[in-house]
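Hi,

Here is the model I promised to send over. Have a look at it first, and my notes follow below.

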Amino acid sequence: MSKKVLIIKGSCRKDSFTNKILQEAFKNVENIDLDIFDAYSEGFAFCNGCNYCENAGRCINKDLDNFFLSFENADVVVFASPVYNGGFSAPVKALIDRFQVYYTSFYKNGKVQPIKKHRKGILLVASGRRGIDATENMEKNLKCAFTILNMSLEGTVLCADTDNVPDYENALDNFKLILKRSLSDE
């Protein structure tokens, strides 16, 4: 049975290290149903705190309805982003903010998981410099969100020093290992 994998791409450059690792890592992966959400090209609305979701149980904007279906049905979700000012790129951060619909549902319904299916998450980060502090911040942000999104963080990969001499091969190998583990039924 094939696994559903959703990649959330947060790099606007086609030849970025983030995108290169994704392309190479998924090149020969079999038995997956791959969905790619390019956060830069989707042009979705940002959460504006209108609280519509609190009462309606869904976002007032319907632009991410298909994404939310893919997100809820995925077995593995990859968050792939370069470091921008110590955190996620703007569209990935904006997408995480749109998970507000799940937060309001969680708390309004007595802390019941709004997404029944447990999913595995992977964080892939590329940083022009060392990037450790930024990666830790991004990881904390996801772990907080994952408690409400019924997800677990299976691993984090940092491709650091991309402005100079990155350890691309090591990052790619680590990502492949985490991906393989995440796709297993164990």
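Which residues of α7 are buried? They are Tyr-168, Ala-171, Leu-172, Phe-175, Ile-178, Leu-179, Ser-182 and Leu-183, where buried means under 20% relative accessible area, exposed over 50% and partly exposed in between (1.4 Å probe, protein chains only). Seen down the axis of α7, these buried residues fall within an arc of 130°, so they line one face of the helix; the arc is that of the directions from the helix axis to the C-beta atoms. On the other side of α7, Leu-177 and Lys-180 are exposed.

Before going on, some housekeeping. This is a predicted model, so local features need pLDDT of at least 70 and side-chain atom pairs count only at pLDDT 80 or more, while totals for chains, interfaces and linings use all residues. Residues are numbered from 1 along each chain as its sequence is written, and side-chain values use heavy atoms, with hydrogens and water left out. Helices (H or I, at least four residues) and strands (E, at least two) are DSSP runs, numbered from the N terminus.

Back to α7: this helix covers residues 168–183, 16 residues in total, and reaches 22 Å from its first C-alpha to its last. That is close to the 22 Å expected at 1.5 Å a residue (the expected span is 1.5 Å times one less than the number of residues). Its buried residues pack against β1 (3–9), α1 (17–25), β2 (32–38), β3 (76–82), β4 (119–126) and β5 (151–159), with contact meaning heavy atoms within 4.5 Å.

Now the sheet. Five strands form an open sheet in the order β2-β1-β3-β4-β5, and the pairing is parallel; two strands pair if DSSP finds at least two bridges between them. β2 and β5 stand at the edges with a single partner strand each, so one side of each is left without a neighbour in the sheet. On average, neighbouring strands are turned by 15° against each other, direction ignored. β1 and β2 pair in the parallel sense over seven bridges, and Leu-6 stands opposite Asp-35 in β2.

Two helices to look at against that sheet: α6 (residues 132–149) packs on it, touching β3, β4 and β5, and its direction makes about 165° with that of β5. α7 lies across β1, β2, β3, β4 and β5, running at about 165° to β5. For these angles, axes are lines fitted to C-alpha atoms, for helices over the stretch in contact, and angles run from 0 to 180 degrees between N-to-C directions.

A few single residues are worth a click. Asn-19, in helix α1, is buried with a relative accessible area of 3%. Leaving out residues up to four places away in sequence, Asn-19 touches Lys-9, Ser-11, Arg-13 and Lys-14.

Most residues other than glycine have a negative phi. Asn-85 has a positive phi of about 50° although it is not a glycine; it lies in the loop between β3 and α4 (90–97) and is exposed, at 86% relative accessible area. Asp-161, also not a glycine, has a positive phi of about 60°. Asp-161 is found in the loop between β5 and α7 and is partly exposed, at 27%.

As for the whole chain, there are seven helices and five strands, running β-α-β-α-α-β-α-α-β-α-β-α from the N terminus on. Buried residues make up 46% of the 186 residues.

Cheers
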